[in-house]
Amino acid sequence: MSALGKPVSHESARLHVTGAASYVEDLAGDLARLGYAWPVTSPHPHARVLKVDTSAALACPGVLTCLTRTDVAGENDVGPVRHDEPLFPDLVEHHGQAVLWVIGESIEQARLGAEQVRVEYEPLAATLSIAAAIARGSFHMPPDKLRRGEPESALAASAEQLTFELFVGGQEHFYLETQAALAVPEDGASLLVHSSTQHPTETQEIVARVLGIAKHEVTVQCLRMGGAFGGKETQANSWAAVAALGARKLRRPVLVRLTRAQDMSMTGKRHPFLGRFRVGFERDGKLRALLLELFSDGGFSLDLSSPVLFRAMFHADNAYLLPNVDITGRICKTNHVSHTAFRGFGGPQGMLMIEEVMDRVARHLDLPPAEVRQRNFYVTGDTAHYGQEVKDADRIGRIWQELSQSSELAARQEEVRRDNAQNPHRKRGIAITPVKFGISFTTAFFNQAGALVLVYKDGSVQVNHGGTEMGQGLHTKVAQIAAHSLSLPLSAIRVMATRTDKIPNTSATAASCGSDLNGAAVQSACETLKERLTAVAARRFQVAPEDVLFENGSVLPWQRPADAVPFRAVVEQAYLERTPLFATGYYRTPKIHFDRDSGRGKPFHYYAYGAAVSEVEVDGFTGQYRLLRADVLHDVGSSLSPLVDRGQIEGGFLQGVGWLTTEELVWNEHGALSTSGASTYKLPGLGECPPHFNVKLLERAAEPGVVYGSKAVGEPPFMLAISVREALRAAVAAFGTGGVVELAAPATPEAVFWAIEAQREKAAKLSRAAE
């Protein structure tokens with residue numbers, strides 16, 4: 001019986017819960033002569049490095065060497081796009097930036113040696129906010145723009161207008177396994193690098209660039225990651241380069257594994273954004289015009305900030321038709337860490353902007369926010385503001401209606417109104433919000449994948465593909481795809497560690513495309529093998545190839561089921577007949593394109609849809625709140641693995657709740673991160689998980705042209721958490737008498753308290769005016 005579409009456990013679940021799963025640092029445990037790396041970091045956000053003295057460090061017991069730019073035989077840079085990230089900088093551009101590294105025989109000896117390094121700096125003026133960058137004209141690139149219609153004239157002709165701005169904070173990835181890399185010298189100049197990376201090919205490229213050697217001398221392996229969320233797409237490269245440089249210099253293995261405080265201080269976050277709006281709309285709540293300026297904090301280097309900004313611009317519509325719109329985007333250059341990919345990749349920030357518009361429009365008009373949202377939904381035949389048809393737009397309304405009914409939204413809204421009328425100091429809020437998220441890398445050439453499938457004479461199968469496993473269940477889905485394609489039990493399939501010497505030139509496991517791309521490549525390879533084995537079986541059974549069936553680990557002629565033989569018997573015969581028992585597979589996403597200059601194209605293969613209803617309760621004295629219930633209906637197409645998909649939806653939702661409520665990044669006036677650990681950075685935990693959490697997968701939702709009709713699930717559920725912020729806003733509004741509600745993002749309890757105070761003050765003014 002096929003495992004495809006069945007709720008099977010994660011392929012490494014038993015290893016995870018028993019502590020037997022190996023991560024990068026575990027792989028170093030049995031290596032002889034292992035060296036450990038420790039960074040010497042800058043205490044300034046912006047400074048010139050005038051002098052470095054390592055003599056005292058080199059005299060410390062156990063210190064093997066100090067790595068500086070003089071050790072770099074290749075290019076002293078790890079920037080993935082612009083080559084603007086020196087590994088050993090002469091100019092420090094953020095607090096905590098590594099200036100050099102000390103390698104010791106133990107981590108403690110390396111740390112003590114690093115304390116003895118003396119660095120002289122010349123501090124420079126620092127840019128520490130988006131506002132400061134705008135004032136100084138500090139940007140990484142010229143502005144980007146998306147435009148449709150005549151927004152200026154439509155704004156002037158609108159019955160109502162609003163002008164406002166919204167700042168959206170960043171987010172720490174807080175993967176359980178911090179950044180780590182282990183480099184092991186091999187024959188000659190060759191190196192094996194174990195890296196906790198989402199993009200082994202790029203890590204291979206950066207290591208080769210720094211060492212000044214060809215890529216074929218570097219093999220990068222990723223067995224698994226202990227979480228990543230985008231934070232290891234580009235930012236794993238630096239640590240791999242340091243480990244490789246140390247291993248090359250010392251001819252011994254070198255491990256880099258950041259502490260939690262180092263990881264939080266030295267790596268990029270979700271981009272903070274500032275949005276400035278001018279909105280025109282009619283008195284029924286229909287939008288007529290939107291002029292939106294988006295400013296992202298890119299940090300000190302470009303990294304992936306350009307595609308992140310563009311995805312925010314693509315998703316500034318969410319599920320709503322914008323008939324006349326002008327969106328301008330700028331990437332601010334600041335003296336912060338280089339902000340990077342994070343689940344949603346700019347999409348959440350863009351979608352939060354339009355949801356802010358919807359709520360403000362509704363409260364300005366004294367209309368129910370859900371009603372205003374529904375009036376602006378895309379419908380069949382509509383196109384997005386970048387020219388792509390919104391395929392299956394009717395699913396937005398369908399999901400909205402089904403979820404409203406299953407969550408008993410109308411009855412609960414009335415119950416919330418009654419409860420709020422009876423409780424002056426404790427208010428509840430309930431909200432429903434939609435999600436429309438485009439699936440594909442917006443850089444077209446990344447939308448490709450390869451696979452290598454090996455069948456052994458005993459009928460067991462090894463699967464190699466270019467995707468990486470970070471806990472999201474990609475390997476589980478790939479194993480199910482392979483098992484189904486070959487009609488084998490899951491136990492016959494082993495998905496191997498991702499290695500650049502098995503699958504070259506891979507794309508990052510990102511953009512929610514891991515299963516779409518790599519699953520399709522594996523399916524292609526399996527179909528090639530099945531075709532070869534079918535020919536062998538047809539000769540064995542003396543039937544036509546189309547009469548051969550593969551079924552539950554057996555092969556048979558459909559006319560004579562009693563003649564069935566085990567899969568391994570056909571494999572053995574194929575070997576004897578000198579039939580190749582390995583095959584490559586390849587897939588590229590069809591018909592995607594986008595012209596950046598015109599702002600038109602089809603950047604996405606399809607859209608994933610969803611909606612969530614959230615209910616909260618807020619204490620008026622403290623601003624503390626509880627998430628009481630969440631109902632989710634999400635479109636995953638025809639699910640490859642329902643248990644994995646449900647886990648992604650639940651986890652994505654809670655991570656989104658953290659971004660919008662508890663997780664606040666704070667930098668001090670010296671550019672140092674004040675929230676650099678779990679004691680000061682509040683992650684959502686079991687206490688934030690709603691006691692009633694109902695998740696359903698949309699039925700009758702198969703997506704043609706995607707592997708077995710499935711859809712991506714990694715990123716889209718994250719934005720379902722916007723419903724929690726809107727529920728908090730509804731609760732805050734209940735403390736007042738109406739009108740627009742200003743609410744910070746993240747809406748921490750402190751922010752909620754001050755929002756309540758603003759509502760009370762506004763109500764008091766109205767009361768005094770009435771007297």
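**Close-ups of a predicted model**

**View 1. What the second largest pocket is made of.** By class, 15 nonpolar, 9 polar and 8 charged residues make up the lining of the second largest pocket. Here Ala, Val, Leu, Ile, Met, Phe, Trp, Tyr, Cys and Pro count as nonpolar, Asp, Glu, Lys and Arg as charged, and the others, Gly among them, as polar. A pocket is an open set of points on a 1 Å grid over the protein atoms alone where a 1.4 Å probe fits, with protein on both sides within 12 Å along at least five of seven lines; lining residues have an atom within 4 Å of a point. This is a predicted model, so local features need pLDDT of at least 70 and side-chain atom pairs pLDDT 80 or more, while totals for chains, interfaces and linings use all residues. Residues are numbered from 1 along each chain as its sequence is written, and side-chain values use heavy atoms, without hydrogens or water.

**View 2. Around the pocket centre.** Arg363, Pro368, Pro369, Arg417 and Ala730 lie nearest the centre, out of 32 lining residues. Helices (H or I, at least four residues) and strands (E, at least two) are DSSP runs, numbered from the N terminus.

View 3. Thr476 sits in helix H15 (residues 474-486). Thr476 is buried, at 3% relative accessible area (buried means under 20%, exposed over 50%, partly exposed in between; 1.4 Å probe, protein chains only). A polar atom of the Thr476 side chain lies 2.9 Å from the backbone nitrogen of Glu11.

Note on methods. Polar contact = N/O pair within 3.5 Å; in protein donor to acceptor, adjacent residues only side chain to side chain.
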